[in-house]
Every structure is written in C-alpha cells, then in structure tokens.
Amino acid sequence: MYTFDGRIRFSEVDSEGKLTLAAMLNYFQDCSTFHSEDLGLGLGYLKERHMIWVMSSWQIVVNRYPELCERVKIGTSPYDFKGFLGYRNFAMLTEDGQYLAMANTLWTLLDTDTWKPVVPPQEMRDGYVLEEKLPMEYAARKIAVPQDVKLQEIVTVKKHHLDTNHHVNNGQYVDMALEYLPDDFVIGQMRAEYKKQAFLNDVLYPYVSAGEDQYVISLADEAGKPYVVVEFLRKGEQEIIVRG
C-alpha cells in the first residue's frame with residue numbers, strides 16, 4: 001500500500017476538534033494523487049494522452065474520527081481493473097496501525113477528445129500494482145433515492161467548486177450534501193454515486209430525504225436528473241472496521 005504521513009490540522013476539524021468527513025475525503029483524494037504522480041502516471045501523463053480518471057462512486061466507512069494534532073497515516077492501493085474501470089481502496093490509520101477508516105472507490109477512464117470510456121494502456125496497468133482488497137463491508141454502488149424527498153434551496157456552481165479538470169470536484173459534491181445533516185448526526189458511512197459532471201454556473205437542485213439514521217441527498221439538474229446521489233448512515237456505538 002502506498003502511504004504518506006499526516007497530522008490533523010486546525011483547519012480540518014469540526015467544533016468538537018475532530019476531523020471532518022470532508023477533510024478525510026480530501027486526505028484520500030490527495031493520497032491517490034501523490035501515488036499517481038510518484039508513479040509517473042499523474043496529471044501530466046494523462047493530459048499528454050488525452051485521458052482523465054473520473055470518479056464513479058465513493059464508500060467511506062469510519063471507525064473513529066481522529067482529533068486535532070493527532071498523527072495519522074493515509075494509504076491507498078488499487079485492487080482491480082475491469083475494462084475501462086479502476087478499483088481503489090483507501091485507509092486512514094493511527095500511528096500504531098489501527099484503522100480509523102477505510103474506503104472503496106470506483107473510477108472510469110475517459111478519452112477527453114471523445115468523452116467516451118477507454119481501456120487503460122498496458123503501461124498504466126503495469127504501473128498500478130494490484131493488491132488484496134481491504135477487509136471492509138463493501139456496499140452496492142447504486143444508491144436508491146427514496147420517494148419522500150424535499151427540494152431545498154438551489155446551489156449554483158462557483159469557481160471554488162472546480163478542480164483541474166474544470167468540473168465540480170467529487171469532494172465538493174459531498175461537502176454540499178453535508179450541509180443538510182443535523183448537527184448531532186455522526187456519520188458512520190458515506191456513499192456517493194456520481195452520474196454526470198457539473199460545470200461552472202450549472203444549477204444544482206438538492207432533493208433531501210431525512211430519516212433518523214439515514215439521509216439521502218440527490219443533487220440534480222432542473223429536470224430532476226441527478227449529478228450525484230449521496231447517502232449518509234448514522235454511526236453506531238460498535239466498531240465497524242476490523243483492526244489491522
């Protein structure tokens with residue numbers, strides 16, 4: 001597993017001094033970027049070959065949120081290729097190797113000239129050495145949107161929502177969805193299913209289904225077709241991740 005060391009910053013914690021889910025997702029996203037860049041398969045490599053990896057789904061399962069100034073290790077490992085799809089795990093661990101969180105992701109490789117899926121070239125498949133899947137509960141990629149949704153105030157895509165690909169970053173969608181959770185909702189699992197890309201000045205219509213232990217948020221276009229569907233499950237008292 002590719003890893004880097006981190007320390008929880010003041011800018012990354014909530015009012016209780018614990019790492020936010022959005023900040024955890026950013027650590028994971030940075031880890032995969034570092035990994036690709038160190039392999040010579042990063043942004044420059046992709047740009048030269050007119051390719052882009054687009055996120056298809058996230059699943060993050062949290063055992064414990066680390067606290068301010070706590071030292072952590074962040075890791076990632078690809079574990080499968082299927083056609084134009086790539087599968088990648090993530091983990092956040094304590095200094096002594098206990099799992100704080102695990103994540104599963106699915107990515108789609110696109111040709112930026114045609115915006116159609118493309119099979120990874122052999123040099124990419126050789127570079128990303130596949131490892132065993134992490135021992136987490138793997139949820140389905142598809143997220144059902146309940147019928148009892150309520151439309152909230154629209155959100156317009158701004159410049160700060162965009163990444164180097166000039167579309168809304170996958171983490172920004174999750175950040176938007178987090179706004180609809182009550183203050184006492186501690187997240188045990190987050191899933192996000194990405195359906196299409198949003199760009200500068202696009203308008204997102206948030207449809208929110210609120211339950212005691214589950215929130216589902218669909219960020220959709222004017223016609224009601226989702227850009228992304230995000231599900232949050234409330235964290236229970238029990239540990240939900242095995243320790244390494």
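**Entry 1: W58 and F90**

I looked up F90 and found 0% relative accessibility, so F90 counts as buried. Buried means under 20% relative accessible area, exposed means over 50%, and partly exposed lies in between, with a 1.4 Å probe and protein chains only. W58 has 2% relative accessibility and therefore also counts as buried. I note that this is a predicted model: local features need pLDDT of at least 70, side-chain atom pairs count only at pLDDT 80 or more, and totals for chains, interfaces and linings use all residues. Residues are numbered from 1 along each chain as its sequence is written, and side-chain values use heavy atoms, with hydrogens and water left out.

Next I checked the aromatic pairs, and the structure holds 10 of them. Rings of Phe, Tyr and Trp (its six-membered ring) pair if their centres lie within 6.5 Å; planes under 30 degrees apart count as stacked, over 60 as edge-to-face and the rest as tilted. W58 and F90 form a tilted pair, 5.4 Å centre to centre with 35 degrees between the planes. This pair links distant parts of the chain: W58 is in strand β2 (residues 51–62) and F90 in strand β4 (residues 85–94), 32 residues apart. For the element names I used DSSP runs, numbered from the N terminus: helices are H or I with at least four residues, strands are E with at least two.

How do the rings of Y79 and Y138 lie to each other? Their centres are 6.4 Å apart and their planes stand at 70 degrees, so I logged the pair as edge-to-face. Y79 lies in strand β3 (residues 71–82) and Y138 in the loop between α3 (122–127) and β7 (150–151), so the pair ties together parts that are 59 residues apart in sequence. Y79 is buried at 12% relative accessibility. Y138 is partly exposed at 28%.

I then looked for charges over rings, meaning NZ of Lys or CZ of Arg within 6 Å of the ring centre and within 35 degrees of the ring normal. K133 lies over the face of Y138, 4.2 Å from the ring centre. The charged end of K196 sits over the ring of Y227, at 4.8 Å from its centre. I also noted one aromatic cluster formed by F4, Y27 and F34.

**Entry 2: helices α1 and α4**

Two packed helices are described by the angle between their axes and the distance between the axes. I read axes as lines fitted to C-alpha atoms, for helices over the stretch in contact, with angles from 0 to 180 degrees between N-to-C directions. Helix α1 (residues 21–38) packs on helix α4 (residues 170–178) at about 170 degrees, with the axes 10 Å apart. The two are therefore roughly antiparallel. The cut-offs are under 35 degrees for roughly parallel, over 145 for roughly antiparallel, 65 to 115 for roughly perpendicular, and oblique for the rest.

Which residues meet? L21, A22, L25 and Q29 in α1 meet N170, G171, V174, D175 and L178 in α4. Contact here means heavy atoms within 4.5 Å. The contact residues divide into five nonpolar, three polar and one charged. In this count Ala, Val, Leu, Ile, Met, Phe, Trp, Tyr, Cys and Pro are nonpolar, Asp, Glu, Lys and Arg are charged, and the others, Gly among them, are polar.

**Entry 3: S57**

I found S57 in strand β2. S57 counts as buried, at 8% relative accessibility. Not counting residues up to four places away in sequence, S57 touches N104, T105, L106, R141, A192 and Y194.

L68 sits in the loop between β2 and β3. At 38% relative accessibility L68 is partly exposed. Setting aside residues up to four places away in sequence, L68 touches I8, R9, F10, V13 and G17.

C69 is also placed in the loop between β2 and β3. Its relative accessible area is 40%, so C69 is partly exposed. I found the C-alpha atoms of C69 and F10 separated by 7.7 Å, though the two are 59 residues apart along the chain. Leaving aside neighbours within four places in sequence, C69 is in contact with R7 and I8.

W115 has a positive phi of about 60 degrees and is not a glycine either. W115 lies in the loop between β5 (99–111) and β6 (116–117). I logged W115 as partly exposed, with a relative accessible area of 45%.
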